[in-house]
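Here is a friendly walk through one protein chain. Take a look at the fold first, and then we can go through it piece by piece.

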Amino acid sequence: MGNMGIWQLLIIAVIVILLFGTKKLRSLGGDLGGAVKGFKNAMSSEDEKKALEENSSDVAKTSAEATEKKPESKDKEQA
């Protein structure tokens with residue numbers, strides 16, 4: 001009774017789609033995803049947000065420096 005096979009799950013999915021429709025299920029999924037994102041943002045502290053911002057700015061600086069150095073190395077190889 002506790003074991004549900006793939007066929008039982010498919011039948012339940014078809015019944016749910018027939019009852020609610022795909023548009024309503026899609027909007028429900030979007031609302032649920034937005035609620036989860038809001039909850040995660042509320043749970044994270046401001047210190048963690050600042051740390052993430054600092055890390056992302058460090059990564060951006062490093063990648064910018066790397067892109068600036070690549071053309072110089074090509075010029076040196078050609079000379």
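A word on the record first: UniProt positions are given in the numbering used here, feature names are shortened, and annotations may be inferred rather than shown by experiment. In the unreviewed entry, the UniProt annotation "transmembrane region" covers residues 6-22. That span is 94% helix and 0% strand, and its end C-alpha atoms lie 21 Å apart.

This is a predicted model, in which local features need pLDDT of at least 70 and side-chain atom pairs count only at pLDDT 80 or more, while totals for chains, interfaces and linings use all residues. Residues are numbered from 1 along each chain as its sequence is written, and side-chain values use heavy atoms, with hydrogens and water left out.

The protein chain has three helices and zero strands (DSSP runs numbered from the N terminus: helices are H or I with at least four residues, strands E with at least two). The table sets two helices beside their expected spans (1.5 Å times one less than the number of residues).

| Helix | Length | End-to-end C-alpha distance | Expected span |
|---|---|---|---|
| α1 (residues 6-20) | 15 residues | 21 Å | 21 Å |

Just after α1, Gly 21 takes a positive phi of about 85 degrees.

How much of the chain is buried (under 20% relative accessible area; exposed is over 50%, partly exposed in between, with a 1.4 Å probe and protein chains only)? Val 16, in helix α1, counts as partly exposed because its relative accessibility is 30%. The chain exposes about 7,600 Å², with 62% supplied by carbon and sulfur atoms (Shrake-Rupley method, 1.4 Å probe; for residues, only the protein chains shown count as cover).

Finally, confidence: mean pLDDT (the predictor's confidence in each residue, from 0 to 100) is 77 for the chain, and 67% of residues reach 70 or more. Confidence is highest in α1, at a mean of 91, and lowest in α3 (residues 46-78), at 63. Where pLDDT is low, the predicted coordinates should not be read in detail.
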